Amino acid sequence: MDLEKRPREKAIRFGLSTLTDLELVAILLQSGNKKHSVFDLAQSVLECSQDLTRLFDLHVSELMEIDGIKEVKALQLLAGIELSKRALRAQSYQMVITNPKDVVRWFQMEYGYLKQEHFIVVYLDSKGKILSHQTLFVGTLTESCVHPRDIFRQAFLESAYSILLVHNHPSGIVAPSQADISCTQQIKKVADTMGIKMIDHIIVGRNQYFSFSQSQSLD
């Protein structure tokens, strides 16, 4: 068998989970070129991504700096990552949200690697299923940056029963700042007045998260 086809055969016979990181990247790249085998290119991707730890940070242009990887192959790799994010998002939309862990994997993958803070509001129905989610602010979070009016206008349009707040810390350190705490308290107070339940405010980093409800900071 052609060496480049062996990971595919292994995946078909034993499942994708049996493949090494090198073999998985090789399958995504599909083929090498005259100068480099697909495994040479895959190894270069692993080195560039620091054994996958930086994979979500990579841009098309950075991947194209690898000799032998052009735009098409770079997009193939990044399309696989984007598809994973969307699969987790779709899965969350089908769930009844009862715990931060129900959605934190989606939030970490989609927002935990971003280089700017994003403030997201998730709107839920009375059964705990997601109606929609919206990014309301991009930038450093302060007390005045996210106005409750913007949050609750959409809540009423959606006939939302409850809301879930999410934002990311690009530093990866998920401990809430004083601005995070003040902003959360302000929004919670308005939610109580409006009769809309605020079930949590989750801060995500790449590998960690902080839940205000789990820390009993919403009481």
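Strand S4 (residues 197-204) and S5 pair in the antiparallel sense over three bridges, where two strands count as paired if DSSP finds at least two bridges between them. Within this pairing, Val 204 stands opposite Tyr 209 in S5. Helix H6 (residues 104-111) packs on the sheet, touching strand S1 (118-124), S2, strand S3 (162-168), S4 and S5; contact means heavy atoms within 4.5 Å. The direction of H6 makes about 45° with that of S4, with axes fitted as lines to C-alpha atoms, for helices over the stretch in contact, and angles running from 0 to 180 degrees between N-to-C directions.

A word on the model: it is predicted, so local features need pLDDT of at least 70 and side-chain atom pairs pLDDT 80 or more, while totals for chains, interfaces and linings use all residues. Residues are numbered from 1 along each chain as its sequence is written, and side-chain values use heavy atoms, leaving out hydrogens and water.

The open sheet has five strands in the order S2-S1-S3-S4-S5, with mixed pairing. Its edge strands, each pairing on one side only, are listed here.

| Edge strand | Residues |
|---|---|
| strand S2 | 130-138 |
| strand S5 | 209-211 |

Overall, the protein holds eight helices and five strands, which are DSSP runs numbered from the N terminus (helices H or I, at least four residues; strands E, at least two). Of its 219 residues, 43% count as buried, that is, under 20% relative accessible area with a 1.4 Å probe, protein chains only. The C-alpha trace spans about 70 × 35 × 30 Å along its principal axes.

Definitions and conventions. Buried means under 20% relative accessible area, exposed over 50%, partly exposed in between (1.4 Å probe, protein chains only).
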